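Here is a friendly walk through one protein model. Take a look at the structure first, and then we'll go through a few of its features.

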Amino acid sequence: MMRTCSCLSLFIWTSLLHVVDLSPLQEQMNKYSEREKKLGFSEDRGKMLRRTKRGWMWNQFFLLEEYTGTDTQYVGKLHTDQDKGDGNLKYILTGDGAGSLFIIDENTGDIHAAKKLDREEKSLYVLRAKAIDRKTGRQVEPESEFIIKIHDINDNEPKFTKDLYTASVPEMSGVGTSVIQVMATDADDANYGNSAKIVYSILQGQPYFSVDPESGIIKTALPDMSRENREQYQVVIQAKDMGGQMGGLSGTTTVNITLTDVNNNPPRFPQSTYQLSSLESVPLGTPLGRVKANDPDVGENAEMEYSLVEGDGSDMFDIITDKDTQEGIITVKKQLDFEKKMVYSLRVEASNTHPDPRFRHLGPFKDTAVVKISVEDVDESPVFSKPFYLIEVDEDVKEGSIIGQVIAYDPDAMKNLIKYSVDRHTDMDRIFNIHSANGSIFTLKPLDRESFPWHNITITATEINNPKQSTHIPVFIRILDINDHAPEFAKYYETFVCENAKPGQLIQTISVMDKDDPPRGHKFFFEPVPEFPLNPNFTIVDNKDNTAGVLTRKDGYSRHKMNTYFLPILIFDNDYPIQSSTGTLTIRVCACDNQGNMQSCNAEALILSAGLSTGALIAILLCILILLILVVLFTALKRQRKKEPLIISKDDVRDNIVTYNDEGGGEEDTQAFDIGTLRNPEAREDSKHRRDVMPESIFQIRRTVPLWENIDVQDFIHRRLKENDSDPSAPPYDSLATYAYEGNDSIADSLSSLESLTADGNQDYDYLSDWGPRFKKLADMYGGDESDRD
């Protein structure tokens, strides 16, 4: 019964789709027919075969997707006219899904679908079928290819390409302005039925927007929507298949639409009048306040520019636009003066910088407001009549003379009194001073243009009632020159005249200098001094260009008679009063060659032979130097020979002097040679121990009793020599005892440590501390404890 129903269903679908699906299947069959025609040889050595009539027979194969029945879905039946029904033939199926998706009964050729199929995953399957003889294994029919096509059902809802769309449209747009197009797709077969036919509709967003049902284009539905009233809109769009009919599947998406701004609102001041105030002393460019016009637009549509259109203070103030805050900043353009004007009235205009021509009908996109500025009085510093002063004065002006005047006034209404003073940091030498009441500048010391041609001082004007209010002004004082310096030689001239000079020869050109600076320039004159109007040797010629030439007046000069001449020259200028000086020119007589080049100016040089040249003189000097070196070397060798010993041999019988150079045993050896007794004539006499043997007992040093009074030193030394010679404890070899006499006038007696016969540890030096500050160093060295001395 189930198979009958399945066959009936398959028959109905086959009848319905015969017209649509027959052509593709027929094309596939034609392809295989063409391929069989091309086959020209059989397995039998290439003999030509004749085409036989095909014996395959089967129904058309169509299959519905998403089959939900309990039994396998019957697809169709394979059959060949070679099948006699005796079960001798075997049907085999290969290709897409053979054995897994599609199962064939090898005896009957019936094909079933073993699983549920999805057309969206795969819409057709290509299979190959063949029939073979079970006994021989030979194909009774050539293998042929056929297609199983999956028919679609409406099992997929439409899906939008995005879950969320974002769009924008300018405000004030007309009805029907396109906003955005949404698109949905359906996985069902668009060529079969209405399963994939989508219709769009709007579920949320009316009455502001609408959607085209076929294209999915969203459009504006209301005119003149204003961003300032509402900026964001959320629209929900539905896509439904089956042409929007009942039973169709649907999907939705959300579109967020933003109204973008256009410049449809002019700026407006929130108030018509603003009040500001400023001190009259504020610097130029100081901001006094801000004004702002409101514009509901945003971005560049809200950008505005401020300007001063009229008012009595448009030349005193300025306004600039803050691009970040869109505010107008009012600043001071010129210096304010409370005494001149106390209140200013300005008219400020704010206008959009990017107007939209489409909305000109809404009115002018600008607005104006009045700004009143009050000027507040402050105590101002004094003001000088000039920004600086230039004073010119002659350098010979007398001390205490008035050379100029500065004038300052108080700009305030109070008109406070002013006192003047000189800033001494600019006049350290106190050359100038000023009258504190009237500003007259006068000199305190003489002026000298040559030392300081300019003096730049600073004058301070201070209010008497308010010393904090003061103003400084520079005063430039130029010292004018007077002719108070005489001209003098420009440099020291080393002038010479040749012995063979001829009359009228130029031997020197003289130029002069003058520390003065006359306005018409320098003009100098040269003359002989009045005491010697006519010089028999030289003459002076004024060149009329502030220089003079010295010429010879005789034929030939002699160094033996006169080797130096002194020529006094009178120099004077042409300024008033005329200044003059006398310069003396020293002229030496020299020997010259034929070209007039100087060779020698010394008289001693005449003794030398005229034939000696410079090279010969150098050679003579070198010879003298070599002789001196030889003499020095000979003297040095002679002295070295005198130092050699006269007797070198040890067998020489002459007397020898042997030098022992015995310095003793140092500070610690106090027994070998005790010379402390000789240093003090009042030393003990009975201390006679062997000085080359360590004594068995140590004696404490104490003050000695004088043995002799006013003894002669020479007699004392002879006695000591005798004692040493007769001393049985003396060493058995000759020795030299040296005695030194220090005198006997010391109040402190002997301080020498050479008298000590004992170690330092047994001696008492505490008495050194009683001798006063002069012996403090010795007391610190010897008067301490045992541990300190160690």
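Predicted model: local features only at pLDDT ≥ 70, side-chain atom pairs only at ≥ 80, totals over all residues.

The side chain of Asp322 meets that of Arg290 in a salt bridge, at 3.1 Å from N to O. Arg290 has a relative accessible area of 43%, so it counts as partly exposed.

The two residues come from distant parts of the chain: Asp322 sits in strand 21 (residues 317-322) and Arg290 in strand 19 (residues 287-291), 32 residues apart.

How many salt bridges does the structure hold? There are 15. One of them pairs Asp555 with Lys502, whose closest N and O atoms are 3.6 Å apart. Here the link runs between loops: Asp555 is in the one between strand 39 (547-552) and strand 40 (564-573), while Lys502 is in the one between strand 35 and strand 36 (506-513). That's 53 residues apart. Asp555 is exposed, at 54% relative accessible area, and Lys502 is partly exposed, at 45%.

Another salt bridge joins Glu106 to Arg134, with 4.0 Å between the closest N and O atoms. Glu106 lies in the loop between strand 5 (102-104) and strand 6 (110-113), and Arg134 in the loop between strand 7 (124-133) and strand 8 (144-151). Both are partly exposed, Glu106 at 32% relative accessibility and Arg134 at 36%. Through shared partners, salt bridges join Lys90, Glu106 and Arg134 into one network.

## Two disulfides

The structure holds 2 disulfides. In general, such a link is a covalent bond between the sulfur atoms of two cysteines. Cys498 is joined to Cys592, with an S to S distance of 2.1 Å. Cys498 and Cys592 are both buried. Left-handed or right-handed: which is the disulfide of Cys498 and Cys592? Its S-S torsion is about -85 degrees, so it's left-handed.

The other pair is Cys590 and Cys601, with S to S at 1.6 Å. This time the torsion is about 100 degrees, so the disulfide is right-handed. Cys590 is in strand 41 and Cys601 in the loop between strand 42 (598-600) and helix 2 (614-642), so the bond ties together parts that are 11 residues apart in sequence. Cys590 is buried at 0% relative accessibility, and Cys601 is buried at 14%. Number the bonded cysteines in sequence order and the pairing reads 1-3, 2-4.

## A nonpolar patch

Now for the surface. A nonpolar patch of about 790 Å² is made by Ile618, Leu622, Leu625, Ile626, Leu627, Ile629, Leu630 and Leu633. Ile629 is found in helix 2, and at 47% relative accessibility it counts as partly exposed.

Strand 16 (residues 232-240) and strand 17 (residues 250-260) pair in the antiparallel sense over 9 bridges. Ala239, for instance, has Gly251 in strand 17 as its bridge partner.

Note on methods: Residues numbered from 1 in each chain as written. Heavy atoms only, no water. Disulfide = S-S within 2.5 Å. Buried < 20%, exposed > 50% of the residue type's maximum accessible area, 1.4 Å probe, protein only. Helix = DSSP H or I, 4+ residues; strand = E, 2+ residues; numbered from the N terminus. Patch = residues over 30% accessible without salt bridge, like charges linked within 9 Å, V, L, I, M, F, W, Y side chains within 5 Å. Areas by Shrake-Rupley, 256 points an atom, 1.4 Å probe, with all protein chains shown as cover. Pairing = 2+ DSSP bridges.
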